[in-house]
Structure formats: structure tokens, C-alpha cells
Amino acid sequence: MSGVRLSGSIRRRLTLQLVGSAAVLAALLFVIVQTFTRDLAEETHDRILLASATSIMDAVSVRSGEVTVDLPYAALSMLSNVSDDRVFYRVVLGRDTLTGYPDLPMPDPQPGDDEPLFQTLDYKGESVRMATAVRRLSLNGVPTHLAISVAQTRTGQVERLDALSRTALMLGAGFFAVAVLLAVWAAQSSIRPLRDLAGMVARRGPKDLRPVARPVPAEMAPLVSSLNSFIDRLRLSLSRSEDFIAEAAHRVRTPLATVRTQAENTLHRIERPENRAALREMIRAIDESSRAAGQLLDHAMVSFRVDSLERSPVDLTELMHELVDRLRPVADLKDITLVLEATAPHPILGDPILVQNAGRNLLDNAIKYAPDESLVRVALNTEGGMQTVAICDQAGGFPTDQLDQLTERFVRGRNAEGTVGSGLGLTIAREVAEAHGGRLEIRNTQDGAGACVTLVFPSA
Amino acid sequence: MRHAGLSLCLILWACAVSAFEIEGRERFGPADGRVLRVLSTTDIDILRPLIDSFLRARPGVAIDYTVASSAQVMQAIADEGERFDMTLSSAMDLQVKLANDGFTRAHRSAWTPMVPDWANWRDHVFAFSQETAAIVISRAAFSGIAPPRTRQELIDVLRRDPDKFRDRVGTYDVAVSGLGYLFATQDARTAESFWRLMEVLGSLRVKLYCCSGEMIEAVANGQIDVAYNVLGSYARARRDLADRIVVIEPEEYTNMMMRTAVILKDSTEPELAGAFTDHLIAAAWSVPPAPEYPFQDPPQSVRALGSTLRPIQLGPGLLVFLDTLKRNRFLTEWGDAVQQD
């Protein structure tokens, strides 16, 4: 993540948005359920109050011009089915109270208005709900009206509504809790393809420049397609530059060999010491260039073969034996003793050309940097499923602060100045080892007299 | 003006009795200290054991116990604003009306959940007994006649021999007695046979009484042979009269009255009133009831029997018969039935 500027997290934003909308929906659900139950409870209460008033109205009779009411038992007892609340009623004819609670406030019936009236008002220190039924009648030829009000306190209703509110609240909270869980899950699963892709790209080896082939969701197609085309361009550009380097090295090496031969011929022919010294210096420079070109070619070859690694059984013992034999004449020139310590076969699965190339570069390096009449030791070992090839010299070791950078391209040890070299040898060895699933270890010897460079390969 | 309607109702109903009259008064406990003033329709002697056990647990507390008829209780509280802490009454309708019209206060304690829902109205009215409305007959007068088991059988017996029973039947004067009115209205609500029975009683020149006690005495003394709608608990309590009277609970249905307690809103000792209410509740609704509990039937067993016992329901339905017009109409019809001259 280092070096990447962050602008929040998709998952967090998605989770928050989903949780936020769940909260809004839960609140809405709570309000709707509560409003609905409140309306329903009030309507139920109103209906029973009206039924009570109507049943009293039905019990009104006119006998010889006298209005009388025979209050039915059910008129008031039906109200106790709703709740244990206090009950009040009043029957009014014109302006006179026939019976009931004379101080119960009643609405003034409007002429022509025969609809039942519902009111919430305060009576005897409590909030009551009241229904009023009105009937028009003519008494001795005089039109008048009969109004019947039935009222009930609302304690029970309020208690029931509170209980319903609690239920609605629990419903809302439960809904919210479920929605939060779903939101977290949804956010997780929606970014999973992205995380999978990131993981897949991150797990790739440094040389893996294949396009992303696995199926991805439609929304990620542009990203993956851009990534693939980017990878493609990168690979093209890399292979072009490798090709270019290989081509350049190849074209330089052949003329250089010709130039070297000519220079040596010339050296035999001139007598003057200062000219001979100049010519030797020239030959040394040509060697350096030729060697660099060789290593560049090696590197290009290694890069190419690593891209499509072919594995076949390779015996490290045999391979190193052959290599030591081949380089012994070079070592003899400096009176360097080459020792190979291997008693048993050390089999691995790999590309013999690459492994040989790596070994040759390391051995070459060791011989080149080792002082005259010193010892270069090649030791093969088996350590916990890995086969190791350690090449140790007595060249004074590497500067310890540089150990990590040595395998970078064209990086050379500070103490290597004055010796022919390009700085590609260790890079090639490392790339070969890593391509085979192994590694390269660079270590100075304990006495500080030299260094050991070890190729580590998994056993076959 | 606030209780004008109520007053009118009470005036009509109390029939010429216009002031609060008491039937008895006794002070229990020490002369000084806190006093709980109880206005009750229950005879002092019946509740004495419960009062004693209450005071034993509370030294320094006294109870001023006043007995009045249920109508007088209503008048004292609703109309004359007499200062009492609580009322105990057998007139369930009047107790409910006191609660409905806001003269009482709610009471909740550790004991109140013991009271079944049907015996507790709004945590204001608490029942502490269930007592039957029974028929009491004279054992002597009915020797040789099978005692009636239902109202219809009673009607048949009375009709068969009107000369024998003329002037020898009695019932509550419903215009005077709140409990009598409650029993009569519940009868009228339940069965048509009630009106037939009233007409038969009227034709026999029925004698009207204020109280159950007097009716039981009258039967025992031989003044009358049949008393209708007498408190079964009072009749059974008179063990001394057991050889002279027979208590019959009619088999088609028997009304059950609940004696109830309310704590008044203006009480100056609400805590003490609550404690006494709890004492009554605990005595009545414990299983078995407290040893000093004076009423016969353990109230809880009544409903479990699934019998013909009909407990009168606490609730606003009781207010219907207290409606002025309804009451006047009922009293007129009842008067027409029982006074046929």
C-alpha cells in the first residue's frame, strides 16, 4: 500500500450507505406501523363508542309526547370489553339533559348534520374520547333533536398503544439489525472480485506478464482490459529492449573478437615497450567489452528461457563437475586451485542450460576476483529438501552494506573496480534460481577472507 | 353543580331520607395515634376478627368503623363529602360508580395481583368476598312440603296455597336497599321468571325489608315463611337459627354479590387504607383463606365449579341501573308488580 494515495474505502462507503438506508427504512417502518396501529386503535375505540351511543338511541321511545330512554345493559358493559376505563354518557333533548352526566361537555349539533361526531376532550381530570349520535325528531309538532354522547377515558388505549409502539420499535430495531448484517455481507461480497483480482496480481512473480484471463464482473471489465493492455505493452516494450540488447551485444561481440585477434597479432609485432603497454591496455578493454556483451547475451537468453521454463532432470554434481573441468585452464592461469566437494548426485528438475549458465557465471566471478594462488571451493549439499551449490572464494568478501543490492543489474561490489566485469553475473544467477523456485544466498565467510555465493534449488 | 345529577339520583333513591344516617359506629385500637376511618355496609361483628388481626400487627393505629346502608354510604361520600379513608360495600354498582366518577384512588401493592381480574376493577375496586343471593324458608312452614329448588318451584308452591302464604312472604325493599336493588336488577336482567315471582309476591302482600338480617330474623321468628334474595352468607352465619330456617340457593342460577373495598381520593391516610385493603385481599384470596376470614365460600372455588353461580360482573355495565331514568322506570315497574291492591 505504500505510495498509494487512499480516498476512502469502497466497502466502508457501501456498508455505510446500506446501513444508512436501512436506518431510514427502519425508522419509516416504525412510524408507519405506529401511525397505522394508532389509527386502528382509535377507530376501533370510536366504533365501540358509537355502537354504545347507537344502542342507547335505539332504546329511546316517545310515549304521549314524553321522550324516555331505557338504557340497555349492553350499552355500557360493551365498553368494558375494550378496557377497564371510566365511562360517561349524557342524553340531551333540545337543551335539557334527560339523563347521564349533566356536566359532560357536548357539541352543539349543527342543523342538517346527522353524522356521528367524535371528540377527544378533558372531563373529570382525564382525557376522554367521546362519540355523539344525533337524531332529529318532532315533539308535539315542534322539531327538536336528541343527542346521545358516550365517552370513555383512554388509559387502557394509551397503554395498548404504548405496547404496540414497543412492538413497532422492536420490529424496526430487528429489521435494522438484519439489514445491517445484510449490508455488511453485501459490501463484503461485492468487493470480493476486486480483492481476488488484486490478490492474484500481487501473487504474480516479477516475470509473470501474462494477461488476466479469469472471468470478472462486467463492472471490472474496463479495469481488467486496461490492465491487460498495459501488461501487454510492458511485455512488448521489455522484450523489445531485451531483443535490442541481445542484438546489440551480438553485433558488438563478433567485431570485438576480430579486433582482439588483430591487436594480439600487432602486439607480437611491435617492439617498443610503451606501445606494447598501450596495446595490452587496449586488449584488456576489449576483453571487458566482450565479456560484458557475453553476459548481456547470457542475460537475454536467461530472460527468454525463464519465460517458458522447461524442466528436465538435472544432476548438479555432474553439471558442476563438467563446469569445473572446463574452467580449470582459466584458473590455472592464476594458479588458483579449484576444488569440487560432491560425494553423491544432487538431482533437481530444471533447465540444464540455465543452471549451467548460472553456475558458470558464479564460478567465473570467483575465479576473476580471487587473488593468485588462492583456493576456490565448490561445495554441493542437501539441506531440508533443497539442493545447494556453494561457491566460495578468498577474494576478501563483499562490503556488508552492499549485500542486498549486489544482485541488481549492473551493480558491482566497490572492491571490484579494476577488474573486468559487467555486474550481470549475480543477477543472472539469482534469476535462474528464482525461476526454479529457489534463491541465491550471498554471504561473507566467517574469517572475512572471502565470500560464499550459494545457489539453492528445490530437490527433484 | 358538579354532582347535581348524582344528588338528584340519590334523593329519588333514598326516598325521603335526606341526611347521612349511620347504623352503628365503633372505634378499635388506641384513642390517640393514626386513625383509619372506614365507612362500611358490613356489620361490625362480622369484620371484627379481621380488624383485630390488622390492628395487632400495627400498634398505635386505630380504626374508626362506621356502619351505614349502602345508599347512605353513597350519599355520604358523593353528596355530602364526609371525610372517610375508605368504603366497604356490598352494593357493587355504587362502588363502581364511586370509582367511575372519580371519588377513589388507585391502589397497587404486592398483594393486589392476588385478586383475579374479574374481582378487580381498574385497581380501584377490590372484591374481598363472594356471597350468594339465597331464598330462606321456614323449616316449620315447609314441613310436609318439598322445599323449592328453583324460582319456578317457589312460584308453584306459593300459587298452590295462596291463603297459607298471604302476608307471610318477604323481600328487600329495592327502593331503600342498595343491595336489594342490585340483586333485583341482576335478576331482571337474567330471567323473566323474576317478574312473575314479584307479581306472585305482590299478590301475597309481600313485606319489604331493609336488610338481610331482619329478613332472617323474621323467618326464624315465624313472622314470615319465605324470604327472597337474602344474603346466603348472613343466613348461614346464624348457626343458632339453623334448626328453624333452610337456606336455598336456586338451582337455575344464583347471583353472587362481591363485597368490595375502595380507597377514597380525599383520604388523609391512603397508606393505612392501602394496608387495610391488602389485609382484606390477603385474607380473602389466600388459599385457604385466613382463619379469621368471616365469609363462607372461598371465593376462588366458585368459578372453578362451573356451576349455576353467577357472579355479578364489576364494570361499567353496573352503571346502567343507576341511570336516573332507568332506575325510575325499574322502581315503577317493580312497585307495580309487588303492590297490587
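In which hand does helix 5 of chain A pass helix 8 of chain A? The crossing is left-handed, a term for a near helix turned anticlockwise from the far one by less than a right angle.

The model is predicted, with local features requiring pLDDT of at least 70, side-chain atom pairs counted only at pLDDT 80 or more, and totals for chains, interfaces and linings using all residues. Residues are numbered from 1 along each chain as its sequence is written, while chains are lettered from A and ligands numbered from 1 in the order in which they are written.

Chain A holds eight helices and 14 strands (DSSP runs, H or I of at least four residues and E of at least two, numbered from the N terminus).

The axes of helix 5 (residues 273–307) and helix 8 (residues 425–435) of chain A come within 10 Å and cross at roughly 15°. Axes are lines fitted to C-alpha atoms, for helices over the stretch in contact, and angles run from 0 to 180 degrees between N-to-C directions. Helix 5 and helix 8 of chain A are therefore roughly parallel (angles under 35 degrees). Helix 5 of chain A contributes A:Gln295, A:Asp298, A:His299, A:Val302 and A:Val306 to the contact (C-beta atoms, placed from the backbone, within 7 Å). Among the residues from helix 8 of chain A are A:Ile428 and A:Glu431.

Chain A also meets chain B: 20 residues of chain A contact 18 residues of chain B. Helix 2 of chain A gives the most to this side of chain A, with four residues.

Note on methods:
Two residues are in contact if their C-beta atoms, placed from the backbone, lie within 7 Å. Angles under 35 degrees count as roughly parallel, over 145 as roughly antiparallel, 65 to 115 as roughly perpendicular and the rest as oblique.
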